[in-house]
Amino acid sequence: MIILGIETSCDDTGVALVRDGEEVLADAVASQVTHEDFGGVVPEIASREHLQAIYPLINQVMSEAGTQPDDLDRIAATQGPGLVGSLLVGFTAGQTLSFLWDVPFQPINHLIAHLYSIYLGGHEIELPVLALLASGGHTQLILINDYSDIELLGETRDDAAGEAFDKIAKMLDLPYPGGPEISRLAEKGEGTKKFLPRPMTDSDTYDFSFSGLKTAVSRALDKYERAEIAREAQAAITDSLVAKLNRAAREFKPEQVLLVGGVAANQRLRDEVGRELSDFDIFYPEQKYCTDNGAMVASAAHFLPFEKQNQWYNSDVNSTIQI
Ligand code: KG4
Ligand code: ZN
């Protein structure tokens, strides 16, 4: 089964063709650079850029894979959560092609799509699964006992982990998106002093909080080198994620632990999870499938239950849906 997946929930226009939920036939992502000047995503600009990128990208993946509309079994697009104007572009493009090409349309939850990104590396999910979903918009610890029994163990009370990377990067005069920039600068940071807090690591909930880190960073700005701050900020964010993930893994004893979402691309996070949870089976997608992409949308569509009738006709984007 070949599915065209479309993702436009934030600032990446992602389009991909995936066979049987695992084999990526073609995959293209246009990352918007305009936002660099603003230090964050400007919704109005994001939707306009999606509009320019979406059809050329669809053409590109169809011709790269040598796929004709008749070869498609389904078209899937992100329904939410995300920026409404951005979501509308990919969702409407998907619905329009579904109507024109007479291919069934399937709306996909963005957070669920991140979970299915794991299949793109050829990994199968074995339940129960404990997943850390850490992106620019969300930070959640999710326990999947069964596909009809998904438990949200905890989530951020304020900023998401990726958002913390982005905001601290801005304070260090680094461009957006801040995660990879902070990681690069952190490699030059020397010293082992822990001068930033590890938020919520002592609390017995599975919730996270990252907004206080910004204040701590602002106080550190004139005391430490930028690279030292980058190293410590990366350590503080990832330590806090690892502490909760570790505690949840000990409590719920999952078959597998998954790291998904843009922040799962972070090497320190991967290393620390590997060290602290070495007795668990840990999986994460390739770097390019951690951040937003169309392939994970197509993969989720393949594995999720699907009802055919009028899917394109009676569905709409939704900025606030949750897992
Ligand atoms: O999943 P994603 O592409 O979009 C959302 O659904 O939000 O995640 C983007 C976030 C950004 O905040 C970005 O700074 C962060 O993921 N990110 C990283 C890394 N690569 C991307 N954070 C830390 N380390 C990275 N290597
Ligand atoms: Zn995402």
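Visitor: How many residues does the largest nonpolar core have, and which of them have the most contacts inside it?

Guide: The largest nonpolar core has 47 residues, and those with the most contacts inside it are L132, L141, I237, L241 and L245. A nonpolar core here is a set of buried Ala, Val, Leu, Ile, Met, Phe, Trp, Tyr and Cys residues joined through side-chain atoms within 4.5 Å, where buried means under 20% relative accessible area, exposed over 50% and partly exposed in between, with a 1.4 Å probe and protein chains only. Two or more residues of this core come from each of strand 6 (129-134), strand 7 (139-146), helix 4 (161-171), helix 5 (178-186), helix 6 (211-220), helix 7 (226-252), strand 9 (256-260) and helix 8 (267-276), and helix 7 gives the most, with eleven residues. A second, separate core of 28 residues includes A76, L120, I144 and M296.

Visitor: What should I keep in mind about the model and its numbering?

Guide: This is a predicted model, in which local features need pLDDT of at least 70 and side-chain atom pairs count only at pLDDT 80 or more, while totals for chains, interfaces and linings use all residues. Residues are numbered from 1 along each chain as its sequence is written, chains are lettered from A and ligands numbered from 1 in the order in which they are written, and side-chain values use heavy atoms, with hydrogens and water left out.

Visitor: Which residues does I237 touch?

Guide: Taking contact as heavy atoms within 4.5 Å, and leaving aside residues up to four places away in sequence, I237 touches A161, A164, F165, I168, F210 and L213.

Visitor: How is strand 7 joined to strand 6 and to strand 8?

Guide: Helices (H or I, at least four residues) and strands (E, at least two) are DSSP runs numbered from the N terminus, and two strands pair if DSSP finds at least two bridges between them. Strand 7 runs antiparallel to strand 6, with six bridges joining them, and A131 has I142 in strand 7 as its bridge partner; the two strands form a hairpin with four residues between them. Strand 7 is also antiparallel to strand 8 (residues 149-155), again through six bridges, and these two form a hairpin with two residues between them. Six of the eight residues of strand 7 are buried.

Visitor: How many aromatic pairs are there?

Guide: Rings of Phe, Tyr and Trp (its six-membered ring) pair if their centres lie within 6.5 Å, and planes under 30 degrees apart count as stacked, over 60 as edge-to-face and the rest as tilted. By this rule there are seven aromatic pairs. F91 and F105 form an edge-to-face pair, 5.1 Å centre to centre with 85° between the planes, and this pair links distant parts of the chain, F91 lying in helix 2 (residues 84-101) and F105 in strand 5 (residues 105-109), 14 residues apart. F91 is buried at 1% relative accessible area, and F105 is buried at 1% as well. The rings of F208 and F210 are stacked, because their planes lie at 10° and their centres 6.2 Å apart. Y116, Y119 and F303 form one aromatic cluster.
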